[in-house]
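Student: Could you take me through how two protein chains sit against each other? I would like to go slowly.

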There are 2 protein chains.
Amino acid sequence: MAKQKISAAPSVRRLPSYLHIIRQVEREGSEYISGTIIAQELNLEPIQVRKDLSITGIIGKPKKGYPVHALITAIEHFLGWDDIQDAVLVGVGNLGTALMGYQEFQFHGLNLVAAFDMDPRKIGSTVHGVPVLPIESMDIQVKNLGVKLAILTVPSPHAQETADILIKSGVDAIWNFTNVKLKVPDRVLVQKEDLSSGYAMLCVMMQARKLENKNA
Amino acid sequence: MAKQKISAAPSVRRLPSYLHIIRQVEREGSEYISGTIIAQELNLEPIQVRKDLSITGIIGKPKKGYPVHALITAIEHFLGWDDIQDAVLVGVGNLGTALMGYQEFQFHGLNLVAAFDMDPRKIGSTVHGVPVLPIESMDIQVKNLGVKLAILTVPSPHAQETADILIKSGVDAIWNFTNVKLKVPDRVLVQKEDLSSGYAMLCVMMQARKLENKNA
């Protein structure tokens, strides 16, 4: 199971940006939003938007579009963002600190209960409201807190050993920001972030433009 | 053109992780790599890997697979990573600093020539070898350096005004890490990073597992 492929991956990846737009429309007091409006905002095809949203189980009404409140509820429920999800973060470096200050997380039900680091200057401090604890206490703390989700922002050479300890302590889902492909038991879910993916997208657009300018 | 949709987006997004694996195999001295091996490493279907790699124009040989050196060259050329691409980074906060220290960039032809910030404590310093210059000098410096690509890691409220100055100074491609949907002229390319996308993927996997455990 843990190794399953999410077939609708590109659709899932777009849901947060849909949610962002729909919440804005809700704040402006609209009751309905059309797939076409969402598509325009995000530079997508309307059919793509409708297809993506259909994975949450919601269907728009002809001419009116989607009821805003029900659409938000459907997306949040599909993603599990209507529940609070406790998590710990390991590695309070620049990236870790940036993530701890990422305000969108509160809208995603993500609740950072503690962070861990080995630097004595950081231990005992509070970063964006989250206490930084010594990494030696990580196994006991994670067990005691019953936390199942960990965000991994340690230097890559420490990635596997840190993951091993987390998993032994009860963690069964890891959001991995290191560039190490972690070896984990089947039951443990890993989402690996790769900054190079976004850069590759930008580069392909630049290459296409270069070619176009040459042919123009 | 700038608003074009990259139809092969998921394939493009996977290319950097392919490159990572293929480079490792090259270091180990292998001459060929099969699509099946790459697929196993990344938990993908072999047919998907072959389809993805075909966008670079390379075709594998039956039984032998892909010639490693030619495959690396093909992917790098497709992404333009065989050229040096000068860039500036704006906003030397935690995320900006983390990106400046991201060692993979050197393999992607990305050459950070300068960073800009408004904090006097940062100006004049060097972060991971990159000089931090005052944001007031950004327009002149970008023009003088002839830089076309900018990485935007300023606080979101400053995103649009910073982008406007960059574009006026000659930048025509922006890697946007803020959560602002930038308004830019058609000729300017923007790649927006959204950390929530990866988290959404992890959440959908967790939701699927929860459902599976309930039904088991």
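What follows is a chat about the place where the two chains meet.

Tutor: Please keep in mind that this is a predicted model, in which local features need pLDDT of at least 70 and side-chain atom pairs count only at pLDDT 80 or more, while totals for chains, interfaces and linings use all residues. Residues are numbered from 1 along each chain as its sequence is written, chains are lettered from A in the order in which they are written, and side-chain values use heavy atoms, leaving out hydrogens and water.

Student: OK, how many residues of chain A are in contact with chain B?

Tutor: In chain A, 65 residues are in contact with 65 residues of chain B, where contact means heavy atoms within 4.5 Å.

Student: And which salt bridge can I look at?

Tutor: The rule finds 2 salt bridges across the interface, counting a side-chain nitrogen of Lys or Arg within 4 Å of a carboxyl oxygen of Asp or Glu. One of them joins the side chains of Asp172(B) and Arg209(A), at 3.0 Å from N to O.

Student: Why do the copies meet through the same surface?

Tutor: Because 100% of the interface residues of chain A are also interface residues in chain B.
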